[in-house]
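Subject: Structure handover

Hello,

Here is the structure I promised to pass on. My notes follow below it.

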Amino acid sequence: PDFSKKERDPQLIGTWYLVEKKGKDVDPEYKVLDFRADGSCTGFDFPSGKRLFYTEKNNRLFVFVYGNWLKYSSRFYELYYLFERDTLYIWALEEDMLARKYERALAYTRASNP
């Protein structure tokens with residue numbers, strides 16, 4: 001698929017670190033998210049290979065994961081996000097984002113520039 005014409009929220013570009021929550025066990029793959037200007041990204045525990053992202057409406061995040069032809073097929077994952085001050089919140093469900101259920105979100109802070 002050609003993602004070159006898809007929208008990408010420039011606020012996402014960069015490295016984001018999970019704000020640890022006591023009592024909440026998070027997959028290590030989710031602890032650091034890296035969104036690059038070329039549309040690639042790392043992080044997330046989605047199976048398979050290379051990942052590309054794009055956004056819609058400044059709150060919907062789509063991650064396309066390329067499959068390997070033998071074990072996994074290519075797949076889209078839809079997430080929801082919101083910025084509040086210096087924090088990025090990511091939800092699995094749109095209704096949780098709309099209701100601002102922060103306890104159901106993963107919260108990230110941007111890496112500071114050295």
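Asp-96 forms a salt bridge with Arg-104, and the closest N and O atoms are 2.7 Å apart. This is a predicted model, so please read every distance here as computed from it.

Where does Asp-96 sit? Its place is in helix 1. Is Asp-96 buried or exposed? Its relative accessibility is 6%, so Asp-96 counts as buried. The cut-off for buried is under 20% relative accessible area. Lys-101 is another matter. At 34% relative accessibility, Lys-101 counts as partly exposed.

One more distance for Asp-96. Phe-44 is 52 residues away from Asp-96 along the chain, and their C-alpha atoms are separated by 19 Å.

Stay with helix 1 for a moment. The helix covers residues 94–98, and confidence in the chain is highest there, at a mean of 97. Glu-94 lies in helix 1 too. Glu-94 has a relative accessible area of 34%, so it is partly exposed. Gln-11 is 83 residues from Glu-94 in sequence. In space the two are 20 Å apart, C-alpha to C-alpha.

Next comes the loop between helix 1 and strand 8, with strand 8 at residues 106–110. Arg-100 is found in this loop.

Now the salt bridges as a whole. How many does the structure hold? It holds five. The general idea is simple: side chains of opposite charge can pair when their charged atoms come close.

Another of these pairs is Arg-60 with Glu-78. Their side chains meet in a salt bridge of 2.4 Å, N to O. Arg-60 lies in strand 5 and Glu-78 in strand 6 (residues 75–84), so the pair ties together parts that are 18 residues apart in sequence. Glu-78 has a relative accessible area of 30%, so it is partly exposed. Glu-56, Arg-60 and Glu-78 are linked in a network of salt bridges.

Look next at the loop between strand 4 (51–56) and strand 5 (60–65). Asn-58 lies in this loop. Phi of Asn-58 is near 55 degrees, a positive value in a residue other than glycine. Asn-59 has its place in the loop between strand 4 and strand 5 as well. Is Asn-59 buried or exposed? Asn-59 has a relative accessible area of 19%, so it is buried.

From Asn-59, turn to Tyr-30. The two are 29 residues apart in sequence, and 19 Å apart in space from C-alpha to C-alpha. Tyr-30 lies in the loop between strand 1 and strand 2. Its relative accessible area is 14%, so Tyr-30 is buried. Pro-47 is 17 residues from Tyr-30 in sequence. Their C-alpha atoms are 13 Å apart.

Asp-25 is found in the loop between strand 1 (14–18) and strand 2 (32–35). Is Asp-25 buried or exposed? Its relative accessibility is 80%, so Asp-25 counts as exposed. The cut-off for exposed is over 50%.

The mean pLDDT of the chain is 87. Of its residues, 93% reach 70 or more. Confidence is lowest in strand 3 (residues 41–42), where the mean is 92.

After that, go to the network of Glu-56, Arg-60 and Glu-78.

Best wishes

How values were computed: Residues are numbered from 1 along each chain as its sequence is written. Side-chain values use heavy atoms; hydrogens and water are left out. pLDDT is the predictor's confidence in each residue, from 0 to 100. Helices (H or I, at least four residues) and strands (E, at least two) are DSSP runs, numbered from the N terminus. Buried means under 20% relative accessible area, exposed over 50%, partly exposed in between (1.4 Å probe, protein chains only). A salt bridge is a side-chain nitrogen of Lys or Arg within 4 Å of a carboxyl oxygen of Asp or Glu.
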